[in-house]
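Have the sequence and the structure open while reading.

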Amino acid sequence: MAARNTPHHIDVLIIGAGAAGLFCGAEAGRRGRNCLVIDHAAKPAEKVRISGGGRCNFTNIYTDASKFISDNPHFAKSALARYTPDDFLDLLRKHDVTWHEKTLGQLFCDSRSQTIIQMLLDELAAGGGRLQLGVSVSEIAQAGDKYRIETSEGAYLAESLVIATGGLSIPKMGATGFAYDVAQQFGHEIIEPRPALVPFVFSGADKEDFASLSGVACFVRAMAGPAVFDEAMLFTHRGLSGPAILQVSSYWTEGEHVTLNLFAGDAGDDLLKADKAAHPKRTVGASLEARLPKRLVALLGQRGMAPVDKKLADMSHEALERAGAAMSQWRLKPSGTEGWRTAEVTAGGVATHGLSSKTLESRHAPGLYFIGECVDVTGWLGGYNFQWAWASAAAAGAVV
Ligand code: FDA
């Protein structure tokens, strides 16, 4: 431990031992830089451990800037182009880590997420980088062309300081707004952080109806603002979840509607009309049950969205159109989201106009870098957020 006023000299200090921080330390270490990664938590990369249901959806083969949300949609392009999913796969091959594609280009480990954490720790150690856990930071100040960082383990004088402390999601796992505080200290703008990839909650009759279907899943098209996602949706005790809902939640703003098409890309009235021609004696309910879960069909009947007991033959053209539209343009108003407690990521963060897109270095404070989730770059569900963590870490790791 250093005496309080005698700082340890170090090339690169990285605060945050998550995906981005560990990988940045590994990359910088490979260039011969003397790196220390510190974290206030007792264990490194806890979000990697719990990610992807314990098998870490570590990248997506369809990565490109269009899968990310940011005030500046072009910002992520440079880093993503220079460190690609294939680069990360090469690293996995080097460590004999095997993987599989689950769906939509999402790559998961064959074994537990711990394999990825161990690989990151091995890479950090291979470059001579060190990791210190249970360390808190009390103060950061510029000292000439260096940074002086006061920590619970003494002071450090670093040529480069990398902030990789993530966003606000899941506070019980140690998430803090530390990166935003540091950014503001050095004159950066913060794009209001908001929970993203998060379930919706409802109130009143909607809440009761959805709770009665808790556990029921179906494939839908979910739409909010400019976002359109065809994926699975899940009813929960508090509202709606599942991939389609998590995806649109990142684009949703308080007070807005969400629109659901229960027939994904198809028009409900076309399906009912085709069924009427082929099976006129069928009830509307039976026709719907061929495509939707039985309990959902019953709820649609109760809510007056579809006359489930009526025979298709007895339905007029207009009545079929009305029912079809009610189910394929089902407008719902969430009362909110489950918030930071369950949000997979934080949208918003350190504004990109204050950072170099090539190196993630601050435009206000040379030698200071922001990487990973704390930056205003938020990926879709499906491995994109880790790919941003690797790519932004590699961009900074090449120059720190
Ligand atoms: P990350 O949050 O990983 O790391 C930040 C580190 O900084 C932590 O170790 C924390 O303890 C530390 N820290 C915070 N404040 C500090 C302070 N004041 N002082 C010192 N240290 C501090 N993404 C994906 O692509 N595929 C997936 O499968 C999943 N799955 C998933 C599941 C769940 C449940 C969650 C919550 C999230 C995901 N994600 C995901 C998102 C992904 O985990 C996330 O985008 C990355 O972990 C971000 O990496 P960072 O390194 O930027 O932050």
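Does Tyr147 count as buried or exposed? The model is predicted, and in this model Tyr147 counts as buried because its relative accessibility is 0%, under the 20% limit.

**Aromatic pairs**

A pair of aromatic rings is described by the distance of the centres and the angle of the planes. Searching the whole structure gives 16 aromatic pairs. Two of them are listed here.

| Pair | Type | Centre to centre | Angle between planes |
|---|---|---|---|
| Phe88 and Trp390 | stacked | 4.4 Å | 10 degrees |
| Tyr147 and Phe186 | edge-to-face | 5.9 Å | 75 degrees |

Phe88 and Trp390 are both buried. They also belong to a cluster linked by ring pairs, which contains Phe23, Phe58, Tyr83, Phe88, Phe386 and Trp390.

Tyr147 and Phe186 link distant parts of the chain as well, being 39 residues apart. Tyr147 is in strand β9 (residues 146-151), while Phe186 is in the loop between α6 (178-185) and β11 (190-196). Phe186 has a relative accessible area of 11% and is therefore buried.

The charged end of Lys102 sits over the ring of Phe108, at 4.5 Å from the ring centre.

**Helix α11**

Which residues of helix α11 (residues 294-302) are buried? They are Leu296, Val297, Leu299 and Leu300. Looking down the axis of α11, these buried residues fall within an arc of 160 degrees, so they line one face of the helix. The exposed residues Lys294 and Gln302 are on the face of α11 turned away from the buried side.

The buried residues of α11 are covered by elements including the helices α7 (204-212), α10 (284-289) and α12 (317-328). The cover also includes the strands β13 (217-224), β14 (227-235) and β17 (330-332). Just after α11, Gly304 has a positive phi of about 75 degrees.

**Asp275**

Asp275 is part of helix α9 (residues 268-278). Why does Asp275 count as buried? Asp275 counts as buried because its relative accessibility is 8%, under the 20% limit. The side chain of Asp275 makes a polar contact with the side chain of Arg282, at 3.5 Å. Leaving out residues up to four places away in sequence, Asp275 touches Pro280, Arg282, Ser287, Arg291 and Leu312.

Conventions. Residues numbered from 1 in each chain as written. Predicted model: local features only at pLDDT ≥ 70, side-chain atom pairs only at ≥ 80, totals over all residues. Heavy atoms only, no water. Phe/Tyr/Trp six-rings, centres within 6.5 Å; stacked < 30°, edge-to-face > 60°. Buried < 20%, exposed > 50% of the residue type's maximum accessible area, 1.4 Å probe, protein only. Helix = DSSP H or I, 4+ residues; strand = E, 2+ residues; numbered from the N terminus. Lys NZ or Arg CZ within 6 Å of the ring centre and 35° of its normal. Arc of directions from axis to C-beta. Contact = heavy atoms within 4.5 Å. Polar contact = N/O pair within 3.5 Å; in protein donor to acceptor, adjacent residues only side chain to side chain.
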